[in-house]
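Student: Could you go through this structure with me, starting with one of its ligands?

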Amino acid sequence: MKILITGGTGYIGSHTILMLLNEGYDVIVIDNFSNSSPKVIERIEFLSQKKVCFHEGDIRDERFLKSVFKEHVITTVIHFASLKSVSESISMPIEYYDNNISGTLTLLKVMNYFGVNNFIFSSSATVYGAPSRIPLDESCDTGDTTNPYGTSKYFLEQILIDTQRANPALNIMLLRYFNPVGAHSSGFIGEDPNGIPNNLFPYITQVAIGRLPRLSIFGDDYPTEDGTGVRDYIHVMDLASGHVAALNRQHVLTGLRCYNLGTGKGYSVKEIVETFQKITGKKIPYIVSARRPGDIAECWSSPELAQKELHWEAKRSLEDMVIDAWNWQNKNPNGYLE
Ligand code: NAD
Ligand code: UD1
């Protein structure tokens, strides 16, 4: 039983691969390094003490994909490969739709050609758009997305629903991640964004390490307890274990399934900054600036369905997320660049 992981040298893929290798799974990894470093493979090999079977290439390249599927008997695909920057997607919509949608369509065609029926898809809480109610459960409305990245995830969910309807032999899980943060506790693998980070956690750790002068808090006039945005942050190792749970349960949870992967708890930007300062002893200078367009006041998950059906729940605390995010940044001030 071989598991194909697309986008496997990226942030979430790398943590998931490590966990799968440690659990004894046989994994085949694909990435084009458009947003990751080959060093990730060495580090996973060091941590797992196992060789990683890696193929460099693009999921839009049908010939490349066919050569990989021909070489290995693949039973399941975990599909992480995607472009993921909200701001970049607004200025480069064609590249985003091409990479995320054309790439997934090519992958689905090749899976169909080789008769591979199990698919686990990286979706996002972003498909819920402005929440109709909180906590968000899987039956909440989707589609009111505010940027091409989010829309590509929404479109892909619809494409996958239609594809599974046309071919009931397909088992598809849509995993809607909330806000993944943190790193493996070794500090050997972690999140390494290109350029100036868009997301809160890497921004804070880069301020703490001295790469950025201060944090801008995007708005303190939201209708939340302290006025700053509230999100459901989930430790990336908990997210990785969510994929292992999905993989272990897919033979029972057949057809099309959709699960939130979150903790069910929300923290505000100010609570994150305060927790970070308390745990690391590092001062995070900040200013309060205007709200970021497209941001919502608050969003957290109902993780109940995943608890019930995947037998999975997030176990790590906000403190763990901060400790591990800081440990990674501190040991790798420039990410994977030495
Ligand atoms: P990432 O950018 O770190 O990893 C994605 C990987 O895919 C990268 O290594 C990149 O090089 C590779 N890739 C992109 N396009 C490719 C292509 N055409 N062919 C081959 N490889 C390609 O991102 P991540 O944070 O690990 O996210 C993984 C998945 O989870 C993505 O689908 C993302 O949209 C989704 N997601 C991420 C978050 C988050 O906050 N990180 C939240 C919700 C959903
Ligand atoms: C963002 C994306 C979302 C994506 C998610 C995870 C937007 C509008 N949404 O969500 O599509 O799925 O990342 O990758 O970009 N904040 C600051 N200062 C900063 C950065 C963030 O105050 O420098 C605040 C934000 O306003 C928000 C919170 O911190 O309240 C979390 O922001 P972020 O980490 O970017 O995640 P999301 O906005 O939830």
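Student: What is 3.5 Å from a polar backbone atom of N198?
Tutor: An oxygen atom of ligand 2 is at that distance from N198, where a polar contact is a pair of N or O atoms within 3.5 Å. A polar backbone atom of F218 lies 2.9 Å from an oxygen atom of ligand 2, and a polar side-chain atom of N179 is also 2.9 Å from an oxygen atom of ligand 2. The model is predicted, so local features need pLDDT of at least 70, side-chain atom pairs count only at pLDDT 80 or more, and totals for chains, interfaces and linings use all residues. Residues are numbered from 1 along each chain as written, chains are lettered from A and ligands numbered from 1 in written order, and side-chain values use heavy atoms, without hydrogens and water.

Student: And which residues come nearest to ligand 2?
Tutor: Of the 19 residues around ligand 2, those are S216, F218, R231, R292 and D295, and a residue counts as near if one of its heavy atoms lies within 4 Å.

Student: Which strand gives the largest share of that shell?
Tutor: Strand β8 does, with four residues; strands are DSSP runs of E with at least two residues, and helices are runs of H or I with at least four, numbered from the N terminus.

Student: New topic: in what order do the seven strands of the open sheet come?
Tutor: The order is β3-β2-β1-β4-β5-β6-β11, with parallel pairing, and two strands pair if DSSP finds at least two bridges between them. The edge strands, β3 (53-56) and β11 (256-261), each pair on one side only.

Student: How many bridges join β5 to β6?
Tutor: Seven bridges join these parallel strands, and F119 has I172 in β6 as its bridge partner.

Conventions:
Polar contact = N/O pair within 3.5 Å; in protein donor to acceptor, adjacent residues only side chain to side chain.
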